[in-house]
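Morning, everyone. Please look at the model on the screen while I talk.

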Amino acid sequence: MSDEFKTELLALLPRLRRYALARTGSIHSADDLLQATCERAWKCRDQLMPGTRMDSWMFKIMTNLHIDEIRAVSTRGIDAGPDALEQVPDNRWQRRIEGKLVLGEVAQVMLQLPEGMRDVLALVSIEGLSYREAAAVLDVPMGTVMSRLSRARTELTNRLKLNQTMMDWAAE
Amino acid sequence: MTASKLSDETLMAYADGELPDVEADAVTVAAALDPEVARRVALFKASSRIAKAAFDPVLGEPVPPHLREAVLALGTHASGRTRAPRRSWLDWLIPDGSVTPWAGVAAALGCVLGIAVGWQLASLRSVPGAAPSLAASVAPLPAELLEVLERQPTGHSVLASLGAWTVQVLPLASYGDTASFCREVEVSSTFPGRSEAVRAIACRTDGKWRLAAMAGPGTARAQGGDYQPAAGSRDLAAALGFGEPLSGAEEARYLKAAR
């Protein structure tokens with residue numbers, strides 16, 4: 001059981017890292033969060049019911065851990081708010097599409113979104129969960145997922161000021 | 001169905017393929033008749049693709065070896081010791097990163113899947129009554145901190161520079177006896193625009209200093225004024241079962257002479 005658990009966990013690491021990066025905006029924070037999530041998951045592995053999707057389960061643990069962290073920084077006044085954006089530009093994640101948009105901008109906009117909106121964007125748009133699965137991860141009704149997601153995506157497109165080139169690229 | 005009646009949620013669900021067939025057919029028709037509907041649907045599709053494209057490159061990156069090793073080490077004695085260094089001034093205090101806020105929380109809480117039951121390392125001041133985290137570290141303490149622990153009387157702080165941070169170590173109290181001499185210090189750090197502090201107790205046994213407990217980071221108290229014992233300062237000592245702090249004269253007997 002525990003070897004199987006670790007094998008599955010190892011296979012999920014790249015995706016968990018992507019979700020952590022989408023949440024934190026910095027690869028270093030993402031890796032810290034990911035490791036803490038793996039440790040928590042290990043302690044909780046008996047609660048992983050057969051048939052439960054391990055990715056959703058891990059997303060849930062990570063989300064809750066990260067919310068803990070956000071609450072903590074808001075009480076100690078560091079790395080929260082606009083300051084956190086300083087960490088975002090990480091050259092490894094800056095890819096240009098058609099020379100028009102630095103994708104780091106997407107990460108910046110995401111970090112400016114309220115937490116709840118960023119959660120659904122990361123889970124549905126980036127990780128490909130269904131609305132229902134995202135609702136289960138976040139413990140909110142599906143309607144909440146939908147309203148947050150539509151606002152998050154409207155914000156994203158508004159703030160990125162998508163031009164026709166971007167639209168064409170995205171529509172391919 | 002007219003465009004004005006189609007909500008953002010409906011168009012988004014259509015773009016995501018989450019709309020039931022009957023409704024989806026209606027949107028398909030509406031989009032064919034009304035360019036504005038088609039445009040809104042296209043925007044929803046584009047937003048998801050762009051968000052995904054921004055973060056997909058991470059999937060192609062090799063996972064850092066320390067993370068893979070950490071997973072393989074889960075449940076073994078080496079668990080939690082392979083953590084990557086934190087790029088923060090706290091590295092200075094805990095060089096091997098074995099006590100990070102997250103590690104502390106995970107250790108303190110065991111398996112808790114639900115939303116936060118509190119931040120165990122949170123500021124004692126901003127979270128009244130919060131239990132300090134007891135985080136024993138086997139990491140050697142930094143030389144600068146050892147200097148303070150060995151020589152600096154309570155209430156007399158020492159400043160050190162650490163990159164852009166200025167770190168101040170202030171001894172708050174001393175406890176114990178010759179066998180085990182313990183000191184509580186506040187390590188605060190200021191950076192242009194912000195500051196934070198942790199409170200720690202380190203103990204000297206057989207000549208070696210070890211971190212016995214740590215709480216924070218919390219908001220640093222005003223710098224520069226006279227030393228005022230923080231209201232919560234007894235919490236950490238109490239958690240370790242310490243009694244009254246040593247007097248200045250008692251403390252002096254265990255300190256090395258200042259240089």
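Start with the buried residues of H7(A): A:Val145, A:Met146, A:Leu149, A:Ser150, A:Ala152, A:Arg153, A:Leu156, A:Thr157 and A:Leu160. They cover an arc of only 165° around the axis, which puts them on the same side of H7(A). Buried means under 20% relative accessible area, exposed over 50%, partly exposed in between, with a 1.4 Å probe and protein chains only. The arc is taken from the directions from the helix axis to the C-beta atoms. Helices are DSSP runs of H or I, at least four residues; strands are runs of E, at least two; both are numbered from the N terminus.

This is a predicted model: local features need pLDDT of at least 70, side-chain atom pairs count only at pLDDT 80 or more, and totals for chains, interfaces and linings use all residues. Residues are numbered from 1 along each chain as its sequence is written, chains are lettered from A and ligands numbered from 1 in the order written, and side-chain values use heavy atoms, without hydrogens or water.

Just after H7(A), A:Lys161 has a positive phi of about 50°.

Now chain B. It has 10 helices and five strands. Of its 259 residues, 48% are buried.

How confident is the predictor in chain B? The mean pLDDT, a per-residue confidence from 0 to 100, is 69 there, and 59% of the residues score at least 70. The model scores ipTM 0.81 and pTM 0.57.
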